[in-house]
Amino acid sequence: MKIGFIGSGSMARALAGKWQGKHDLLFSARDLGKAALVAADYGAQAGNARQAAEFGDVVVLATRWEDALDAVAQAGGDDVFAGKVVIDINNPVSTETFLTTREDGRSLTQALEAVLPGAEIGKAFNMAQAAVWANPEMTYDGRPMVTLFTAETERATETIADLIRDVGAEPLKLGGNAHAYQLEAAAAIVIKFLFAGRDPQTILNFIQPEVKPVR
Ligand SMILES: NC(=O)c1ccc[n+]([C@@H]2O[C@H](COP(=O)([O-])OP(=O)(O)OC[C@H]3O[C@@H](n4cnc5c(N)ncnc54)[C@H](OP(=O)(O)O)[C@@H]3O)[C@@H](O)[C@H]2O)c1
């Protein structure tokens, strides 16, 4: 599969580390030099956002959440994204209040759907930190990490589930994109505890990072 990343930061790198060798990858950033440096690390191509969107059968939206809507517009909007599976990994969460920033009660995923009606959008990979996705071992106490996602169409559902398996996790569909808001709100919980210093592997799993003596 061809996967275009809009954004070449921590999350694009973490996911690419798992998809490298299985899929053809293209990284983009506003600074083309940075995208090229990242691409070189993963045997991938580099380009601008439009080239990433044109390249991918799947397009991963991996800018900061604040930039996601501008980035898809800069990449050419629905004319370019129509027919693509688009994965929204973004968490519109304030790191001051640890609440989602979507005061209208609709998710960023749905806001993206509104501007990209021809794309097949889903939300995935937002519930764990980049360091977790980069972890070569995705099983904990012998149990695979379960990854919630949302999607509307059968193609998006199957594609996203396959890409979750390709990172070593087990996909679990929460529902259509009406449920993406719940994933964003749940990520706000994760982010709150990350900022408080809790181990990123443990949040929501509530697995203790150290073995405690039995009393
Ligand atoms: N980091 C995590 O642990 C984590 C976990 C789960 C979900 N998320 C979500 O994932 C998203 C990405 O997070 P991140 O930590 O990977 O961000 P990041 O490291 O800050 O990377 C953002 C990337 O987006 C690029 N970019 C910005 N505007 C662009 C545009 N218009 N076209 C193309 N590229 C553009 C930036 O490069 P230039 O400045 O050169 O354009 C940069 O490479 C966020 O929305 C976040 O909520 C993050």
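Author: Contact means heavy atoms within 4.5 Å. Keep that in mind for this predicted model.

Reader: What do the buried residues of α2 pack against?

Author: They pack against α1 (10–19), β2 (24–28) and β3 (45–47). Packing here rests on contact, so heavy atoms lie within 4.5 Å.

Reader: Which residues of α2 are called buried?

Author: Helix α2 spans residues 32–41, and its buried residues are Ala35, Val38 and Ala39. Buried means under 20% relative accessible area, so each of the three falls below that cut-off.

Reader: What puts them on the same side of α2?

Author: Their arc around the axis is only 100°, which puts them on the same side. There is a general rule behind this. An α-helix has 3.6 residues a turn, so residues three or four places apart point the same way.

Reader: Which residues are exposed on the other side of α2?

Author: Lys34, Leu37 and Ala40 are exposed there. Exposed means over 50% relative accessible area, so these three pass that mark.

Reader: What makes Asp31 a cap for α2?

Author: A side-chain oxygen of Asp31 lies 3.0 Å from the backbone nitrogen of Gly33. The limit for a polar contact is 3.5 Å, so this pair qualifies. The cap sits at the N-terminal end of α2. After the helix comes Gly43, with a positive phi near 60°.

Reader: Why are β3 and β10 said to stand at the edges?

Author: Eight strands form an open sheet, in the order β3-β2-β1-β4-β5-β6-β9-β10. β3 and β10 (170–175) each have a single partner strand, so one side of each has no neighbour in the sheet. From one strand to the next, the twist averages 25°.

Reader: How do you know that β5 and β6 pair?

Author: Four bridges join β5 (residues 85–88) to β6 (residues 120–123). Pairing needs at least two bridges, so these strands qualify. They run parallel. Asp88 stands opposite Lys123 in β6.

Reader: Where does helix α6 pack?

Author: Helix α6 (residues 108–115) packs on the sheet, where it touches β4 (58–61), β5 and β6. Its direction makes about 170° with that of β6.

Reader: Which residues touch the most other members of the largest nonpolar core?

Author: They are Phe5, Trp19, Val60, Phe125 and Trp133, in a core of 37 residues. Helix α1 gives the most to this core, with six residues. Another core, of 20 residues, lies apart from it, and includes Ala49, Ala53, Val72 and Leu116.

Note on methods: Residues are numbered from 1 along each chain as its sequence is written. This is a predicted model: local features need pLDDT of at least 70, side-chain atom pairs count only at pLDDT 80 or more; totals for chains, interfaces and linings use all residues. Side-chain values use heavy atoms; hydrogens and water are left out. Buried means under 20% relative accessible area, exposed over 50%, partly exposed in between (1.4 Å probe, protein chains only). The arc is that of the directions from the helix axis to the C-beta atoms. A polar contact is a pair of N or O atoms within 3.5 Å; within protein, one must be able to donate a hydrogen and the other to accept it, and residues adjacent in sequence count only if both atoms are side-chain atoms. A nonpolar core is a set of buried Ala, Val, Leu, Ile, Met, Phe, Trp, Tyr and Cys residues joined through side-chain atoms within 4.5 Å. Axes are lines fitted to C-alpha atoms, for helices over the stretch in contact, and angles run from 0 to 180 degrees between N-to-C directions.
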